[in-house]
Amino acid sequence: MEPSDDHGRPRVGILYDERMCGHSTPSGEDHPENPNRIRAAWKKLESKGITKRCVVLRGREVDDRLVEGVHTKEHVKLIKEVSSREFDSRRRRIASGFNSIYLNHGSSESAFLAAGSVLEVSEKVATGELNSAIALVRPPGHHAESDKAMGFCLFNNIAIAASYLLNEKPELGVKRILIVDWDVHHGNGTQKMFWNDPRVLYFSVHRFDSGTFYPSGIDGSHIMIGEGPGAGYNINVPWEHGRCGDADYLAVWDHILIPVAKVYNPDIILISGGFDAVDEFRSGKIVMALEGGYNLNSLANSILACAITLLGGKVHGSLEIYPFESTWRVIQAPDWGSSSDSDSDAEKDDGSDALIDSSGITFDINVVDVNEDIIRPFSMLKVDEDNHVKEIASNHSPACGSSNESTEGGHDEPVALPVHVPDNCTPWRSTFSKIDVWYASYGSNMWQKRFLCYIEGGQVEGMHIPCTGSLDKSLPKETKWKIVPHRLFFARSYTDTWGAGGVAFLHPESNVNEKTRVCMHKITLEQFNDVLLQENGLSQHLTTPLFDLSSLDSVAESKSMFMKALEGKWYSNVIYLGKDDGIPILTMTCPLENIEGFRSGELPVCTPSKKYADSLVRGLVEDGKQLSEAEALEYINSAASAPI
């Protein structure tokens, strides 16, 4: 029998502790992640009488050992000690070494309370003492990685709780955990902590914007599905823009999350971040931990709605709106796979990769089939006043001219038209596939095997993450080597692809006294657009070209073209290096304005790591037969050590 109070209502826990408000900016500066976030939520729950209907809990600090289930000892020690007086003079400097972090005298206690509180309510729900719980905690957690704080997050609260249930409390029988993360930002830290673990199915819906939205990079892409035993247990649904709303989220719940969750059959659901759409699972064990949300009124109202739902109530509203067309594209883009009960071995009869968890459920690598039984065209859906998705009739048929794709300067509006986008609705690809260009590579892409990752997809030795590849996976028609009068140098200090160390750049301006070796790959202009996207750390396939025919004409005249659509990216400047056999030679590098930043030290200049340098050596020595190994190393060292 499920636990309930004397009136038959589900027993819902609400955890709040004023001590977590001790974490604030060191000098009282304004900041979106501030103590008023949880205060506003708590006051809203009190004013509506929710706290009287719930079991109110106070926070407790977590033991170091339990935090070390997902974080390094060094990181735990730092967060534990950073609020002490011994760190007073160093606290700002330490915070500045992280990405989007502040620290003060109350940060240590708040961090240990936040993690311990989520762990506390998770255990109470897992034991059945509570049906569900909401933990009003801060600082948030889902960006924190094993060895570093980032994105306002010090410890990964949800990950610590999941690790505790799985590894410290086997008597509770929690063998499968579903983590649902619908914070607007991708939970990079949570994803990485369970990347290889099939006991945790991580599901994230987040704004991605082709990898430009925080925390940026490829981590939030749909191609990131997990690895090893955890392959297939990581599902990312990346929004293409920031205008997605209730209809889009409900469509994703109906067509991906709910079918996946029913097959996975988790023992408990841990929710990270936003607060919405839990009605489908409210009969199960649910823990909700606060992550982001910085509009105090919206945050408080969302938490109120969530609490009402968990208590068995309904949140009413009118949502006579449609999902965006881009929502359908996002969900159509991956092949979510299929799942079925099976007693088969880990390798299926058809030869496809599969996994079997402890329950005997066979999980394909890509998890859930996108087929007519699960996915219906979103144009046939609308949301009624009870927040249910309803099918509507339509006599429209797919047509390229009716597509409402998001384009630069255009709009991605909710549509009531069939939203399948046929291949012929991107005519630029057909046109650009008939135009050849030389792509001149001067860094790791000089190694042919590495360059082909941008064409065929995948990764090579030394790379931390795979490439998505081009839509056209045809191999380069020809490869040539050339020396160009531009300065080669190495800058930046870390990349998601190669880790610590600098990567190669060309000085955008030519200089007859400089000599840089480039490997030229003859590819199509369509492929060049896909390479340009990936070189800048982005992974979504283009619906409109970054570099079009007018750009090709302009760059031949100006010799250099800054790509406004890639503003802020490292390789946003396309350089024209002349022609070979009448075909334009293009490469990409940093904007000219960055050069002064490298010279002044505002932007880091750093020697390449060994594995990155090895990729250059392989291109120069093994593929191109340009230099001996000793000469290649000297070439790299000279470029890395000479002043810019």
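User: Which residue forms a salt bridge with Glu 18?
Analyst: This is a predicted model, in which local features need pLDDT of at least 70 and side-chain atom pairs count only at pLDDT 80 or more, while totals for chains, interfaces and linings use all residues. Residues are numbered from 1 along each chain as its sequence is written, and side-chain values use heavy atoms, with hydrogens and water left out. A salt bridge here is a side-chain nitrogen of Lys or Arg within 4 Å of a carboxyl oxygen of Asp or Glu. With its closest N and O atoms 2.7 Å apart, the partner of Glu 18 is Arg 39.

User: How many residues apart are Glu 18 and Arg 39, and which elements hold them?
Analyst: Helices (H or I, at least four residues) and strands (E, at least two) are DSSP runs, numbered from the N terminus. Glu 18 lies in the loop between strand S1 (12–15) and helix H1 (36–47), and Arg 39 belongs to helix H1. The pair links distant parts of the chain, 21 residues apart.

User: Where in the chain are Arg 618 and Glu 461, and how many residues apart are they?
Analyst: The side chains of Arg 618 and Glu 461 meet in a salt bridge of 3.4 Å, N to O. Arg 618 sits in helix H17 (residues 610–623), while Glu 461 is in the loop between helix H13 (448–456) and strand S15 (478–484). This pair, too, links distant parts of the chain, 157 residues apart.

User: How far along helix H17 is Asp 614 from Lys 610?
Analyst: Asp 614 and Lys 610 form a salt bridge whose closest N and O atoms are 3.0 Å apart. Asp 614 is partly exposed at 28%, whereas Lys 610 is exposed at 62%. Both lie in H17, about one turn of the helix from each other, or four residues apart.

User: Which residues join Lys 124 in a network of salt bridges?
Analyst: Lys 124 has its place in helix H6, and at 16% relative accessibility it counts as buried. Not counting residues up to four places away in sequence, Lys 124 touches Leu 57, Glu 129 and Leu 130, where contact means heavy atoms within 4.5 Å. The network links Lys 124 with Arg 60, Glu 120 and Glu 129.

User: How many salt bridges does the structure hold?
Analyst: The pairs above, including Glu 18 with Arg 39, belong to that count. The structure holds 30 salt bridges.

User: At what angle do H6 and H7 pack, and how are they oriented to each other?
Analyst: Axes are lines fitted to C-alpha atoms, for helices over the stretch in contact, and angles run from 0 to 180 degrees between N-to-C directions. Helix H6 (residues 107–127) and helix H7 (residues 157–167) have axes 8 Å apart, at an angle of about 45°. Angles under 35 degrees count as roughly parallel, over 145 as roughly antiparallel, 65 to 115 as roughly perpendicular and the rest as oblique. H6 and H7 are therefore oblique.

User: Which residues does H4 bring to its contact with H6?
Analyst: Helix H4 (residues 73–81) packs against H6 at about 125°, with the axes 7 Å apart. That angle makes H4 oblique to H6. On the H6 side are Ser 108, Ala 111 and Phe 112, and these meet H4 residues Val 76, Ile 79, Lys 80 and Glu 81.

User: Is His 142 buried or exposed?
Analyst: His 142 is in the loop between strand S3 (132–135) and H7. Leaving aside neighbours within four places in sequence, its contacts include Cys 153, Asp 181, His 185 and Glu 291. At 2% relative accessibility, His 142 counts as buried.

Key: Buried means under 20% relative accessible area, exposed over 50%, partly exposed in between (1.4 Å probe, protein chains only).
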